Amino acid sequence: MENSSETVSFLLAAYGNVGELKYLYFIIILVCYISICVANTVLIVVIRVDRRLHEPMYILLSNLCVNEIKASTSLYPLLLSQMFSDSHEVTVPWCFLQMCFMYTSAPAEFCSLAAMAYDRYISICHPLRYNVIMTTERVFLLILLVWVYSFLSFIFSFSFIFSLKFCGNIIHNVYCDHQLIIRLSCSVSIQTFISNISFAILSFFIPFSFILVSYMKILTVCRKTSKENKQKAVTTCTPHIISVSNLFVGCIFYFIDFRFLVSQVPDEVRIILPMYVLIFQPMLTPFMYGFNLPKIRQSYQRFLFERK
């Protein structure tokens, strides 16, 4: 076994030898990353320059797009750099930095969607008080709370990893996965179990509970309202529901992959499934909201086709 003091880098062993295919993989990954950054940035800019979109829902959507770019940046640059690497090594500080970006993006995503669900709840269930409750100051306070909560969730769940002593340095994945890093420690304690449970509760279950309660109340009100109001609620809530559903499916893939199917699926599937959220969610967000919300769709047309 290696001495812990000698572990200055980790070896990402899942890349293997792809030969000449590395050029194709590099182009595919680069196109995906650029597409995500451009699509989300365009949506942010459209919301920023169009004063008609300076409303709580769209401000919260901009924050969600920022997190999509951040989540993608936690994964894609590392994948791109490793395509042409012979050793597939990543230093311990860079590995921990990637973990910080990646595992703060997850709670930030759920919390952002929870804030948006709360906004929809106020808009639909308390329309007369909406402008009083959802002031600009309160919206930016919600955004601040989202990021503070996300970083505290990460620190509470994973800060102990930074002090672990490692007796190995081979990670059987294409990125720095916290569960695989913990397995490399010289002594695996009850902290591993507590870390996984606390991260799941803080990052997923608590925000998802807020989302669920918000939509239960929205559903209760919609059952008693007019057909026109129901249609309006469906139009504004559909992209949000699809985003939450896709995120929830990605989380299921992540936990099923590691807990139940490790020995039953090919290595390629085992590697891709945990990255489902990081690959598809950032792509889904700008297109779902851009094409489904009438105000944003009209702003897109003005911004892209009518500017001279």
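These questions and answers cover helix packing and a sheet in a predicted model.

Reader: Are α1 and α2 roughly parallel or roughly antiparallel to each other?
Author: Helix α1 spans residues 21-49 and helix α2 spans residues 56-73. They pack at an angle of about 160 degrees, with axes 9 Å apart. Angles over 145 degrees count as roughly antiparallel. The two helices are therefore roughly antiparallel.

Reader: Is the crossing of α1 and α2 left-handed or right-handed?
Author: The angle between the two helices is about 160 degrees. As α1 passes α2, the crossing is left-handed.

Reader: How many residues of the contact of α1 with α2 are nonpolar?
Author: From α1 come Tyr-33, Ile-36 and Leu-43, among others; their side of the contact meets α2 residues including Leu-61, Val-66 and Glu-68. Of the contact residues, five are polar and one is charged. The nonpolar ones number 11.

Reader: Which strands stand at the edges of the sheet?
Author: The sheet is open, has three strands and shows mixed pairing. Its order is β2-β1-β3. Two strands have a single partner each, so one side of each is left without a neighbour in the sheet. Those edge strands are β2 (89-91) and β3 (170-171).

Reader: Which residue in β2 does Phe-10 stand opposite?
Author: Strand β1 covers residues 9-12 and pairs with β2 in the antiparallel sense, over three bridges. Opposite Phe-10 stands Val-90.

Reader: At what angle does α4 run to β2?
Author: Helix α4 takes in residues 92-125. It lies across β1, β2 and β3. Its angle to β2 is about 85 degrees.

Note on methods: Residues are numbered from 1 along each chain as its sequence is written. This is a predicted model: local features need pLDDT of at least 70, side-chain atom pairs count only at pLDDT 80 or more; totals for chains, interfaces and linings use all residues. Side-chain values use heavy atoms; hydrogens and water are left out. Axes are lines fitted to C-alpha atoms, for helices over the stretch in contact, and angles run from 0 to 180 degrees between N-to-C directions. Helices (H or I, at least four residues) and strands (E, at least two) are DSSP runs, numbered from the N terminus. Angles under 35 degrees count as roughly parallel, over 145 as roughly antiparallel, 65 to 115 as roughly perpendicular and the rest as oblique. A crossing is left-handed if the near helix is turned anticlockwise from the far one by less than a right angle, and right-handed if clockwise. Contact means heavy atoms within 4.5 Å. Ala, Val, Leu, Ile, Met, Phe, Trp, Tyr, Cys and Pro count as nonpolar, Asp, Glu, Lys and Arg as charged, and the others, Gly among them, as polar. Two strands pair if DSSP finds at least two bridges between them.
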